[in-house]
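Trainee: I have a structure to look at today. Could you walk me through some of its features?

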Amino acid sequence: MSASQSIDFDLDLIHRYNTAGPRYTSYPTAVQFHDGFTAERYQQIARETNASGRPLSLYFHIPFCDTVCYYCACNKVVTKDRTRSRGYLDSLYQEMALQGDLFDRSRPVTQLHWGGGTPTFISHDEMTELMGKTAEHFGLLDDDTGEYSIEIDPREVRDETLALLRQLGFNRISLGVQDFDEKVQKAVNRVQSESLVRNVLDEARRLGFRSTSVDLIYGLPHQNCETFGNTIERIIDMDPARISVFNYAHLPDRFKPQRRIADADLPTPSEKLAILQQTISQLTEAGYVYIGMDHFAKPDDELAVAQRDHTLYRNFQGYSTHSDCDLIGLGSTSVGMVGNSYSQNQHKLDDYYAAMGEKRLAVFRGVELDQDDLIRRDVITRLICHFELSFGDIEKAHDIRFGDYFAQELDDLKVMESDGLINLNADQISVRPAGRLLIRNICMSFDRYLREASEQRFSRVI
């Protein structure tokens, strides 16, 4: 691992900077979305983007889950009734027709993602139907050059599921694992065997999936360094291309399923930090590159290559190599990024169904970016993706004098410079190894809305 990719785990700095802050999957963040941004305005912006000819990215939210995982904070519908997907898919097809009419068919779909919920909740026939309907309304690629990914619950993989997904055009999978320790699994109602996960990964590689990713969570009940270290060792042995290690935020007042997790069973803050430190050490020693914000990848993975080439991007699905797309969110609660705007669909299924029944878009809020938003988004994106920022690049892209425009921010950053988080000179910011885990704090310095906010509504940065 190169010096630029190394991490210093400075416990004192982490304690001092472990405040609440955004994850910057967008800027402005969802806190700034408002209902003054209408479906009509979205339609106008969408049509205007056709002049650019930019490729498209499609995100499909499939909200259903067979069982509830107690840690989950996602927008989901827990049900054993598999027939409930029928009405949802019918509404999804109606939305695709409405959205498809806004975008030229000549614009290729270079990125596609099914998330949830549990996308594999739907039947094999429904998966085939959904992809077929998508092809009716959008220009899907048929040469396997796109990034077509799906989130998979290993417990939902049936015979021929992976073969079918590969046949439908998917070339990337992400597996929810969280932890292999049986006590932890029972405490969060997510019981699945190591052999099940291993078999899914092996089968995916055999079928030619280009990338495999595994999601883990630290901070769950009964976890400690020894047990989670064992999980990490077993995951490393399974050899996925990417590994995400997310911080569990225990917010039982906001997320009802979390009330089934006893506070007394959670690791202490110091134990949680020790788990994180050990995990970073294990993964980097095994050759994984720290991409940032919980994500690790092998050096030859597209994410790591894009980071080295300064082409890495970040959006609502996390880190991405497709910065040039207009992102269309489909399904309840989905978020889109079209032109210089963000938009979100209705959260509740009944509201989503009502919109589709009336043949109108389900967009109910969003935000249009002004010039200041675009400048700050560019700054934050470059920092969170590449851990460095050339002032000249921003000046050239936005016709500003960086030192004048961000005089207050640069003055504020001097504290982080003296603390060893960054190197700050006349023409650039570079994040030091001690600052990589605290990149959210560094980005927060450029967040105008956060500076003006009267309250914090975000999770802690570590």
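Predicted model: local features only at pLDDT ≥ 70, side-chain atom pairs only at ≥ 80, totals over all residues.

Trainee: At what angle do α12 and α13 pack?

Mentor: Helix α12 (residues 371-386) and helix α13 (residues 391-398) pack at about 150°, and their axes are 11 Å apart. That makes α12 roughly antiparallel to α13. Angles over 145 degrees count as roughly antiparallel, under 35 as roughly parallel, 65 to 115 as roughly perpendicular and the rest as oblique. Axes are lines fitted to C-alpha atoms, for helices over the stretch in contact, and angles run from 0 to 180 degrees between N-to-C directions. Helices (H or I, at least four residues) and strands (E, at least two) are DSSP runs, numbered from the N terminus.

Trainee: Which residues of α12 meet α13?

Mentor: From α12, the residues Q371, L374, I375, D378, V379 and R382 meet D393, I394, A397 and H398 of α13. Contact means heavy atoms within 4.5 Å. By class, this contact has five nonpolar, two polar and three charged residues. Ala, Val, Leu, Ile, Met, Phe, Trp, Tyr, Cys and Pro count as nonpolar, Asp, Glu, Lys and Arg as charged, and the others, Gly among them, as polar.

Trainee: Changing topic, in what order do the strands of the open sheet come?

Mentor: The order is β18-β20-β19, and the three strands pair in the antiparallel sense. Two strands pair if DSSP finds at least two bridges between them. β18 (388-390) and β19 (422-424) stand at the edges with a single partner strand each, so one side of each has no neighbour in the sheet.

Trainee: How many bridges link β19 and β20?

Mentor: There are three bridges between β19 and β20 (residues 428-431), and L424 stands opposite I429 in β20.

Trainee: Which strands does α13 lie across?

Mentor: α13 lies across β18, β19 and β20, running at about 55° to β18. Helix α15 (residues 407-418) lies across β19 and β20, at about 135° to β19.

Trainee: What about β16: are its residues buried or exposed?

Mentor: Five of the five residues of β16 (residues 341-345) are buried. Buried means under 20% relative accessible area, exposed over 50% and partly exposed in between (1.4 Å probe, protein chains only). S341, S343 and N345 point one way from β16, and Y342 and Q344 point the other way.

Trainee: Which strands pair with β16?

Mentor: β15 (residues 335-337) is joined to β16 by three bridges, antiparallel, and the two form a hairpin with three residues between them. β17 (residues 363-368) pairs with β16 over five antiparallel bridges, with G366 as the bridge partner of S343.

Trainee: Lastly, where are the cis peptide bonds you have noted?

Mentor: One runs from Y27 to P28, with omega near -5°, and another from G116 to G117, with omega near 25°. Most residues other than glycine have a negative phi, and most peptide bonds are trans.

Trainee: What is the phi of D144?

Mentor: D144 has a positive phi of about 65° although it is not a glycine. D144 is partly exposed, with a relative accessible area of 29%.

Technical notes. Residues numbered from 1 in each chain as written. Heavy atoms only, no water.
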